[in-house]
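Below are my notes, in the order I looked things up.

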Amino acid sequence: MNALVCNNFGLPDSLAYQTINAPKVSENQVLIEVKACGVNFPDTLIIQNKYQFKPALPFSPGGEVSGIILETGNKVKRFKKGTRVLALCGWGGMAEQVVVDESRVFPLPPEIDMITAAGTLYNYGTSYYALKDRGQLKKEETILILGAAGGVGLAAVELAKLLGAKVIAAASSNEKLAICKSKGADHLINYTTEDLRTRLKEIAGDKGIDLVYDAVGGKYAEPALRSVAWNGRYLVVGFASGEIPQIPLNLALLKGCSIVGVFWGSFAEKEPAQNYQNLIDLIQWIKAGKIKQYIHRIYTLENSAIALKEMLERNVIGKAIIKVGNWEDSSISVEEKRSEESDQMIPAQTESLPVTFKTKSDLAKRIGTNLGTTEWLKVDQQMINQFAETTRDFQWVHIDTEKAKKYLPGGKTMAHGYLTLSLASQFFYQLISIEQVNSFVNYGINKARFISPVSEGSEIRMRAGIANVEEQINGSVKLFLNCTIEIKGQDKPAYSAEIISMIF
Ligand SMILES: NC(=O)c1ccc[n+]([C@@H]2O[C@H](COP(=O)([O-])OP(=O)(O)OC[C@H]3O[C@@H](n4cnc5c(N)ncnc54)[C@H](OP(=O)(O)O)[C@@H]3O)[C@@H](O)[C@H]2O)c1
């Protein structure tokens, strides 16, 4: 396989892009086909032998990946071949394949694309733990974020806003600060052209700052600590400047403040349940479009040393991502999708149905867009009776028209929820057509909810959009459709579901 390899410790220029043997799984590990790898500051340290973890040479940098499981060890329980995952590998991610302990691998929800996933764990995981668990950040409190346009810094800006805080973003250039502003920062300080302490006094007055988030260290630490409010907290997150500040401890006494260490990696290991809960919160927010990592640039595996170099030169804003492998179509659609302001489905253009795709790979170009809405279809008693016959479910609400007249709203029987669900196939044929395809097989359903009963004689139709497309190792494609079945004349739909099909 191809990989970026650290054969001797040194700066990014000393790394080699070369072919090496693929790693082998041991019993508690999974082998992942890497689709994307997030770039983080520790990657720049690990290649220089300056990080707390010291892998034996030769090794590949890259601590967090998204990808697809290729193989599982004998004792692995939670995963199987083909599962989409994100994983904290520590190193080894800037390669086509990586092995990771099962405990450090997480299933990836279908709504989250591979690029987003690879930029999620380190930055949001660290900053959420820092703000919520270590910093006890409360609504209306003021937070100063140093290095606010960096990976963890920008994640902290977004999360602090989401938690209701007033955010002061500090960074080294106006370009970086503009991105912080776009993520909601209330005040901006350019610490290369402005005096940090003076500006903080102007913004926070005599009261001072409730919380400081410091991932930079060096010369900004002391003025930041001197600006902390009574009962304030100072979070020690990292030392990107390369300098560990020496702080006069009398400041902590005089301010009545706490200096609090943040080590997310150890937290994840020592308190896995709490960490897992945090990740669930983050995944929900990503799915809901409440947080969204700013992607600086997507690099190829071959060019991944450039990403590390740019990070060391302070030229990365937000997140740099390495895209591994040849999945051009879906990656292009991911980038197109990312450029949209919202994660909402884009309304269908007026195009005739079915929407026709030349190949199954073309589906990925439409991720995040609506396909359209079908014709109305009447659900009559004959259909309901046939369904009861087939499923042997003869509950009176479905088949007893006399009793229904007496007891049910509108005097009509109700279609079985699974009957309306089973009509999905005929709606699909109206919505989508793929040329050069052998078969279209039902794969499963995520999050189906029956919202409103469908009374006999009602007309229903399907509205659907492409939520995600996953190319499989065997050349097939998994298609995730967001489907809503509307009922004529009613606001509430019959059901909504994410329906998954496997296309061969
Ligand atoms: N404690 C934990 O659990 C934890 C977890 C993850 C990361 N970290 C640490 O947090 C720090 C930031 O990580 P990151 O992945 O967010 O890195 P990043 O994206 O490179 O951000 C670091 C920021 O620090 C600022 N900086 C100041 N002097 C710098 C220098 N000499 N070289 C590089 N950057 C400099 C830069 O902003 P300006 O140019 O605006 O100053 C840069 O945007 C690192 O020290 C990392 O090890 C800690």
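This is a predicted model: local features need pLDDT of at least 70, side-chain atom pairs count only at pLDDT 80 or more; totals for chains, interfaces and linings use all residues.

**Cysteines**

I searched for disulfides and got 0 in the structure. Cysteine 6 is in none, and its nearest cysteine sulfur belongs to cysteine 37, 14 Å away. The cut-off for a disulfide is 2.5 Å between sulfurs, so that distance rules the pair out. I also looked up burial: cysteine 6 has a relative accessible area of 0%, so I put it down as buried. Cysteine 180 also goes down as buried, at 0% relative accessibility.

**Overall numbers**

I counted 17 helices and 23 strands in the chain. The C-alpha atoms fill a box of roughly 85 × 55 × 45 Å along the principal axes. Of the 504 residues, 52% count as buried.

**Salt bridges**

How many salt bridges does a search of the whole structure find? I got 22.

I opened the one between glutamate 64 and lysine 319, where the side chains meet at 3.0 Å, N to O. Glutamate 64 sits in strand S4 (residues 64–72) and lysine 319 in strand S15 (residues 319–323), so this bridge ties together parts 255 residues apart in sequence.

Next I checked glutamate 470 with arginine 84, a salt bridge whose closest N and O atoms are 2.1 Å apart. This pair links distant parts of the chain as well: glutamate 470 is in strand S21 (residues 459–471) and arginine 84 in strand S5 (residues 84–88), 386 residues apart. For burial I have glutamate 470 at 5% relative accessibility, which is buried. Arginine 84 has a relative accessible area of 6% and is buried too.

Then I went to glutamate 310 and arginine 297, which meet at 3.5 Å, N to O. Glutamate 310 belongs to helix H11 (residues 304–312) and arginine 297 to strand S14 (residues 295–300), so the bridge joins parts 13 residues apart in sequence. Glutamate 310 is buried, with 18% relative accessible area. Arginine 297 is at 38% relative accessibility, so I noted it as partly exposed. I also logged a network: salt bridges that share partners join Lys138, Glu141 and Arg233.

**Rings**

I ran the aromatic pairs and the count came to 10. One of them is tyrosine 51 with phenylalanine 53: the ring centres are 5.8 Å apart and the planes lie at 65°, so I filed the pair as edge-to-face. Tyrosine 51 has 14% relative accessibility and counts as buried. Phenylalanine 53, at 43% relative accessibility, counts as partly exposed.

Why does the pair of tyrosine 191 and tyrosine 220 count as stacked? The centres are 3.9 Å apart and the planes are at 20°, so the pair falls under the 30 degrees cut-off for stacking. It links distant parts of the chain, 29 residues apart. Tyrosine 191 is in the loop between strand S10 (187–190) and helix H6 (196–204), while tyrosine 220 is in the loop between strand S11 (209–214) and helix H7 (221–226). I looked up burial for both: tyrosine 191 is buried at 9% relative accessible area, and tyrosine 220 is buried at 9%.

I wrote down a ring cluster too: ring pairs link Tyr418, Phe450 and Tyr495. On the charge side, I found lysine 132 over the face of tyrosine 128, 5.2 Å from the ring centre.

**Surface patch**

Last, I looked at the surface. Which residues form a nonpolar patch there? I have Phe53, Trp91 and Phe263, with about 290 Å² of accessible area together. Phenylalanine 53 is the residue I already had as partly exposed, at 43%. Phenylalanine 263 sits in the loop between strand S13 (258–261) and helix H9 (264–270). Its relative accessibility is 37%, so I marked phenylalanine 263 as partly exposed.

How values were computed. Residues are numbered from 1 along each chain as its sequence is written. Side-chain values use heavy atoms; hydrogens and water are left out. Patches are made of residues with over 30% relative accessible area and no salt bridge: like charges are joined within 9 Å, nonpolar side chains (Val, Leu, Ile, Met, Phe, Trp, Tyr) within 5 Å. Accessible areas come from the Shrake-Rupley method with a 1.4 Å probe; for residues, only the protein chains shown count as cover. A salt bridge is a side-chain nitrogen of Lys or Arg within 4 Å of a carboxyl oxygen of Asp or Glu. Helices (H or I, at least four residues) and strands (E, at least two) are DSSP runs, numbered from the N terminus. Buried means under 20% relative accessible area, exposed over 50%, partly exposed in between (1.4 Å probe, protein chains only). Rings of Phe, Tyr and Trp (its six-membered ring) pair if their centres lie within 6.5 Å; planes under 30 degrees apart count as stacked, over 60 as edge-to-face and the rest as tilted. A charge sits over a ring if NZ of Lys or CZ of Arg is within 6 Å of the ring centre and within 35 degrees of the ring normal.
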